[in-house]
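Me: I am new to this structure and would like to go through it step by step. Could we begin with the pockets?

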Amino acid sequence: MSVDFWINVGVIAGIYGILTLGLQLNTGFTGLLNFGQAGYMAIGAYGAGILVAEAGFSLWLAFSTSLVLSAAVAMVIGWSTSRLGPDQFAIVTIAFAEIVRHILQNTDFSGGNQGLIGFDVEWRSASEWITLLFSGIGLGEYKQIPLLLFVWITFVALTGLMKMLERTPWSRVLRGIRDDETAIAALGKNTLWFRMQSLAIGAALAVVAGFFIALDVTYLYPGIFDPTFTFFGFVILLIGGLGNYWGIMLGSVVFWTLMEGSRLIETSLSATEQASLRFLVVGFLLIVLSRVCPHGFLGNSRGRDHDH
């Protein structure tokens, strides 16, 4: 496989890692089993795309607007599901993501199944300029390097930011909600408000991932944001370990190296059979991994009570 292939694997690993930071906050620290991240990603990606292509916004202003929009939607979801148990909440979030995807698939403003293009002109100009800089050191032929750098600088910065938040009293309240919400409420904390904040930040992280996926594929269509996106995020979470933001980085690299590296397996099978074989091989390796390392590579094996 070419260098371009592995650069693209790095881009995808970084994007999924950013998405999974939100899952870590919601699931690993707040105890909210959120399966709706793909929906927030879609809102972010399409919001930015439509505002640029149809309303003439700059790319960065459109991104900021989508960030606020998606966070607001997440808070509404958090408020409207406040009386639901964990299982019902998880089902509602799946339904939310599917509703978003089907709306995008069947409406004119999103382009329907024909998709949306023409939103990434500013990024392509910036990318070409960065590529010219890299041509001075012999890397000008790799067109995805600017996006790779942009994605991973953002991923590392956001991971560091989440680690800083982890040390705050705010994060301790979230962990308290995860372990015993009734006890935290008895201490006078508005647990609904904290849950809504966790969901809003998780959604904002999903928007960042959605923004990057839009720049990567350069063409938005609803099929990109199917539930698989979120489930891959949970696999990364399990590999890296619950309750550890840096573990996501390792989990994402391991998962996408397995997923894309399995393309190198040469067989006489058809393309469809080969794709199925890849999932079988990766699934088997993940089962072995979960057996050997049940808390993930960097997860907390000492129990939740000791992760403060």
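Me: What is the volume of the largest pocket?
Reply: The largest pocket has a volume of about 410 Å³. A pocket here is an open set of points on a 1 Å grid over the protein atoms alone, where a 1.4 Å probe fits, with protein on both sides within 12 Å along at least five of seven lines. The volume is the space filled by probe spheres set on the points. This is a predicted model, in which local features need pLDDT of at least 70 and side-chain atom pairs count only at pLDDT 80 or more, while totals for linings use all residues. Residues are numbered from 1 along each chain, and side-chain values use heavy atoms, without hydrogens and water.

Me: Which residues lie nearest its centre?
Reply: Ile12, Tyr16, Phe229, Phe232 and Trp256 do, out of 20 lining residues; a lining residue has an atom within 4 Å of a point.

Me: And which helix gives the largest share of the lining?
Reply: That is α1, with four residues. At least two residues each come from α1 (3–29), α8 (191–217), α9 (228–240), α10 (245–261) and α11 (271–292). Helices are DSSP runs (H or I, at least four residues), numbered from the N terminus.

Me: How do the lining residues divide into nonpolar, polar and charged?
Reply: Twelve are nonpolar, three polar and five charged.

Me: New topic: which residues does Phe134 touch?
Reply: Leaving aside residues up to four places away in sequence, Phe134 touches Leu139, Gly140, Ile145 and Leu149, where contact means heavy atoms within 4.5 Å. Phe134 itself lies in helix α5 (residues 121–135). Its C-alpha atom is separated by 8.6 Å from that of Ile145, eleven residues apart along the chain.

Me: How many residues does helix α6 have?
Reply: Helix α6 (residues 145–166) has 22 residues and reaches 31 Å from its first C-alpha to its last. That is close to the 32 Å expected at 1.5 Å a residue, the expected span being 1.5 Å times one less than the number of residues.

Me: Which residues of α6 are buried?
Reply: Among them are Ile145, Trp152, Phe155 and Glu166; buried means under 20% relative accessible area with a 1.4 Å probe, protein chains only. The buried residues of α6 pack against α1, α5, α7 (169–186), α8 and α10.

Me: Last one: where is Thr218 found?
Reply: Thr218 is in the loop between α8 and α9. Although not a glycine, Thr218 has a positive phi of about 60°.

Terms used: Nonpolar A, V, L, I, M, F, W, Y, C, P; charged D, E, K, R; others polar. Buried < 20%, exposed > 50% of the residue type's maximum accessible area, 1.4 Å probe, protein only.
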